[in-house]
Amino acid sequence: MQKVKPKKSLGQHFLTDLSVAERIADTLNDYNKYPTLEVGPGMGVLTQYLIEKGHDLTVVELDTESVEYLQRNFPQLNNRIISDDFLKLDLNQIYGDKKFNVIGNYPYNISSQIFFKVLDYRDQVICCSGMLQKEVAERIAAKPGSKTYGILSVLLQAWYDIEYLFTVSENVFNPPPKVKSGVIRLVRNNVTDLGCDEKKFKSIVKVSFGQRRKTLRNSLRSMAQDPTILNDEIFNKRPEQLSVAEFIKLTQMLK
């Protein structure tokens, strides 16, 4: 059986440890009543367990060599292999307004973009799990007060409950990456409305962390239409000290 050669340009590092692949598939065990979209299946090391566990599975793969491999070795997927760039896909064309899961061994070089795209479909993506660079996984799951807490943490935690599940050694990949990997799971929370202008909320989070060494009084001064609100004690803090709820409060104050 001819294997796919990993391509550096696509950030491909193929997982070789089947026990890790099965553990990643298990992250969706409580959500298999929803259809599942796998991003970047490669040679199907995770795909095989998702099929085995009965998921209604569709896969998206950009690499044409991998697509051909999947077509040969996973005939049960039939027309469920989409040869395209996940970041450019209109997911409504696949699922309409249905709810679904997203899973994958995500390419390190676009993992943040993948999660921002999931955020765009937050009313449909019930559970999103998978493996990515350990630093990025820790950043997504980080709590206020942590040095890794940042833009991605706040924007995703506003809509999802997030768990860092386990770490994966670099030695179980071909070729081995230079960093460790982390597996996380995002589960949609019950929030339907932040209670503030969402566009301004994003802007405030990005501006705040863009100058994370400054107090909010200094970084957000230009956004305060009423300068007197800057006297509030919340503006004495730095962005990594604020919870999602406090960022929402900040947005309401700066409206």
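Reader: Hi! Is Asn101 buried or exposed?
Author: In this predicted model, Asn101 counts as buried, because its relative accessibility is 0% and the cut-off for buried is under 20%.

Reader: Thanks! What about Met131, buried or exposed?
Author: Met131 is buried, with a relative accessible area of 3%. You can find Met131 in strand 6, residues 125-133.

Reader: Which residues does Met131 touch, not counting those up to four places away in sequence?
Author: Among them are Leu15, Ile24, Gly104, Asn105, Tyr106 and Val168. Met131 also touches Phe173, Ser181, Gly182 and Val183.

Reader: Let's zoom out. How many helices and strands are there?
Author: The chain has 10 helices and nine strands. Along its principal axes, the C-alpha trace spans about 70 × 40 × 30 Å.

Reader: How does the radius of gyration of the chain compare with that of a compact globule?
Author: The two agree: with 255 residues, a compact globule would have a radius of gyration near 18 Å, and the chain has 20 Å.

Reader: What share of the residues counts as buried?
Author: Of the 255 residues, 50% count as buried. As for the accessible surface, its total is about 12,700 Å², and 46% of that belongs to carbon and sulfur atoms.

Reader: What share of the contacts with a separation of 6 or more joins residues 24 or more positions apart?
Author: That share is 67% in this chain.

Reader: Which residues touch the most other members in the largest nonpolar core?
Author: They are Phe115, Ile140, Leu186, Phe201, Phe235, Phe247 and Leu250, in a core of 54 residues. Another core lies apart from it, with 29 residues, including Leu46, Leu70, Phe173 and Val187. As general background, nonpolar side chains in soluble globular proteins tend to be buried together.

Reader: What is Phe201 in contact with, leaving aside neighbours within four places in sequence?
Author: Phe201 is in contact with Val154, Leu155, Ala158, Leu194 and Cys196, along with Val244, Phe247, Ile248 and Thr251.

Reader: New topic: where is Lys249, and is it buried or partly exposed?
Author: Lys249 is in helix 10, residues 244-253. With 39% relative accessibility, Lys249 counts as partly exposed. Not counting residues up to four places away in sequence, Lys249 touches Asp232 and Ile234.

Reader: How far apart are Lys249 and Gly195 in space?
Author: Their C-alpha atoms are 8.9 Å apart, although the two residues are 54 residues apart in sequence.

Reader: Last one: what is the phi of Asn78?
Author: Asn78 has a positive phi of about 45 degrees, although it is not a glycine. For context, most residues other than glycine have a negative phi.

Reader: Where is Asn78, and is it buried or exposed?
Author: Asn78 is in the loop between helix 3 (64-73) and strand 4 (81-83). Asn78 is exposed, because its relative accessible area is 62% and the cut-off for exposed is over 50%.

Key:
Residues are numbered from 1 along each chain as its sequence is written. This is a predicted model: local features need pLDDT of at least 70, side-chain atom pairs count only at pLDDT 80 or more; totals for chains, interfaces and linings use all residues. Side-chain values use heavy atoms; hydrogens and water are left out. Helices (H or I, at least four residues) and strands (E, at least two) are DSSP runs, numbered from the N terminus. The radius of gyration is taken over C-alpha atoms; the globule rule is 2.2 Å times the number of residues to the power 0.38. Buried means under 20% relative accessible area, exposed over 50%, partly exposed in between (1.4 Å probe, protein chains only). Contact means heavy atoms within 4.5 Å. Accessible areas come from the Shrake-Rupley method with a 1.4 Å probe; for residues, only the protein chains shown count as cover. A nonpolar core is a set of buried Ala, Val, Leu, Ile, Met, Phe, Trp, Tyr and Cys residues joined through side-chain atoms within 4.5 Å.
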